[in-house]
Amino acid sequence: MKPPPFDYHGPVTLGEALDVLAEAGPDGKVLAGGQSLIPLLNMRLAAPAHIVDVNRVPGLDGIEAGQDGVRVGALARHAAVERSPEAAALPLLRQALRLVAHPVIRNRGTVVGSLVHADPSAEMPAVLALLGGSVRLAARGGEREVAAADFFTGPMESALRPGELAVSAFFPALPGRSGTAFHEVSRRHGDYAVAGVAAAVTLDEDLRVTAARVACVSVGPVPVVVDVTTACGPRPAGSAGWEAAAAAVRDRIEPEGDIHATADYRRHLTGVLAVRALRDAAAAAHGEEA
Amino acid sequence: MNETRHRVTLKVNGVVREATVPGRRLLSDCLRHDLGLTGTHVGCEHGVCGACTVLLDGEPVRSCLMFAVTADGHEITTVEGLARGDGEPSPVQRAFSECHALQCGFCTPGFLCAVTAFLRDNPAPSEEEALEAVSGNLCRCTGYQNILKAVHRAAEIQASEIQAAEIQAEEGGA
Ligand SMILES: Cc1cc2nc3c(=O)[nH]c(=O)nc-3n(C[C@H](O)[C@H](O)[C@H](O)COP(=O)(O)OP(=O)(O)OC[C@H]3O[C@@H](n4cnc5c(N)ncnc54)[C@H](O)[C@@H]3O)c2cc1C
Ligand code: FES
Ligand code: FES
């Protein structure tokens, strides 16, 4: 189908974009990559009165890496982040982006757009939640930085208020001797995951687990972060019984069933994926040390 | 209802084209209806099938998931622009024809655009890379085996053409 009519705005500065968004209020929607918003418009599941296309606003496509992490601007496309040498400082970004849709979709879709869209099956919200990152929101007259734990408020719901533009997201770096991995199962390659797990493991000098965390997708209204350090550590990573960690994860999640998978199957799958992701993350942490 | 219309200028297949469209005009519809370039096909209009894939400044994108106004000022290549100036089919087009990589042809424009950009960036892909490259495009009748064969055959044709051009340049220079 075709999108319903709307007033189109194509601001060319950040100030102009925030002005237009402030005036549009709850009737305004930001258009970034359009890879989620335009399908919704085409299917007539959304009918905003004003579309604010930010694609011409300069300075929003930055990808900056510092000691403490990687900041990704609102117009940094999935593909640009995937290829960026700056973002390579945080391998989890690339590990997750490979699983987001298809290369052609990733040429337009943005990382920040994925976060604001807040699909509970999407990979990037899980990455932000796992790393304890944040999203910077700008409005006419001020900015605020919202932590991942407060940003995702429900399925397809975020803390973004009418009039606000998410200008960037910050993905914090992990301590030394850390490794990450992302595993998921989807019906077809490139589809949203039936279940998926991102893991981060940190080892000490004797290669024992000192921290282990997972973020699970498609098993709750928002990404579910589970700290499994006590279930894993502080045994040597090589011998760590990931089964206990998987059991802890299975206990914590509250999946729902749908036509793709029953709740029990999702719970089982999440446990299996947690073992794989934790094992690979530990191996990566070990590799970094070697 | 009187919708505001926007003037957009696109460089399509090397030619500057103008259209006056409402904000909600999809790039796919602008190409097909406003500019008469019906080679770009429309299957699902929600990003799943890939039939509408075109090149935006050289990069493959879904034209059904972009507004024509957003593309204002950019360069678009559609399936009509893949053949050479003299009408000779491109290596990817020749490979699809040689390998029987199409039946009804509905999906073909999207595959051709996606594969053209893919082989430009990765001229000698592995089996797995080729599979990933076409995995975002659906074909309901050919089956994917011949399409995959065509991707590799196109890489071959492209490589031999580059080699031939190099030999010619050397001979010309001698
Ligand atoms: C076929 C297909 C398969 C897909 N598969 C996956 C998948 O497996 N995993 C996955 O994670 N995603 C998937 N996606 C979605 C894709 O990753 C989107 O690109 C992403 O979810 C949204 O990013 P966008 O830049 O395209 O946002 P848009 O579509 O432009 O916007 C999405 C929403 O976020 C808001 N928004 C966007 N940017 C901002 C901003 N800077 N400030 C304020 N609000 C903003 C918009 O108003 C809108 O409500 C798929 C999409 C398609 C078409
Ligand atoms: S018509 Fe655009 S992806 Fe199907
Ligand atoms: S050739 Fe018919 S859909 Fe692909």
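**Charged pairs, stop by stop**

Counting over all chains gives 24 salt bridges, taking a side-chain nitrogen of Lys or Arg within 4 Å of a carboxyl oxygen of Asp or Glu as the rule. Keep in mind that this is a predicted model. Side chains of opposite charge can pair when their charged atoms come close.

**Stop 1: across the chains**

Select Glu45(B) and Lys2(A). They form a salt bridge, with 2.5 Å between the closest N and O atoms. This pair crosses between chains: Glu45(B) sits in the loop between helix H1 (27–34) and strand S3 (53–56) of chain B, while Lys2(A) lies in the segment before strand S1 (7–9) of chain A. Glu45(B) counts as buried because its relative accessibility is 6%, under the 20% cut-off. Lys2(A), at 35%, counts as partly exposed.

**Stop 2: helix H1 of chain B**

Which residues of H1(B) are buried? Colour Leu27(B), Ser28(B), Asp29(B), Cys30(B) and Leu31(B) to see them. To find what covers these buried residues, show strand S1 (5–12), strand S2 (15–22), S3 and S5 of chain B, which are included in the cover. Then step to Gly36(B), which follows H1(B) and has a positive phi, near 70 degrees.

**Stop 3**

Hop over to chain A and select Arg140(A) with Asp19(A). The salt bridge here has its closest N and O atoms 3.2 Å apart. Distant parts of the chain are linked: Arg140(A) is in the loop between strand S6 (134–139) and strand S7 (142–147) of chain A, Asp19(A) is in helix H1 (residues 14–24) of chain A, and 121 residues separate them.

**Stop 3**

Back in chain B, select Glu161(B) and Arg84(B), a salt bridge with 2.9 Å between the closest N and O atoms. This pair also links distant parts of the chain, 77 residues apart: Glu161(B) belongs to helix H5 (residues 144–173) of chain B, and Arg84(B) to the loop between strand S5 (75–77) and helix H2 (91–98) of chain B. Glu161(B) counts as partly exposed at 28% relative accessibility, and Arg84(B) is partly exposed at 35%.

Definitions and conventions:
Residues are numbered from 1 along each chain as its sequence is written. Chains are lettered from A and ligands numbered from 1 in the order in which they are written. This is a predicted model: local features need pLDDT of at least 70, side-chain atom pairs count only at pLDDT 80 or more; totals for chains, interfaces and linings use all residues. Side-chain values use heavy atoms; hydrogens and water are left out. Helices (H or I, at least four residues) and strands (E, at least two) are DSSP runs, numbered from the N terminus. Buried means under 20% relative accessible area, exposed over 50%, partly exposed in between (1.4 Å probe, protein chains only). Contact means heavy atoms within 4.5 Å.
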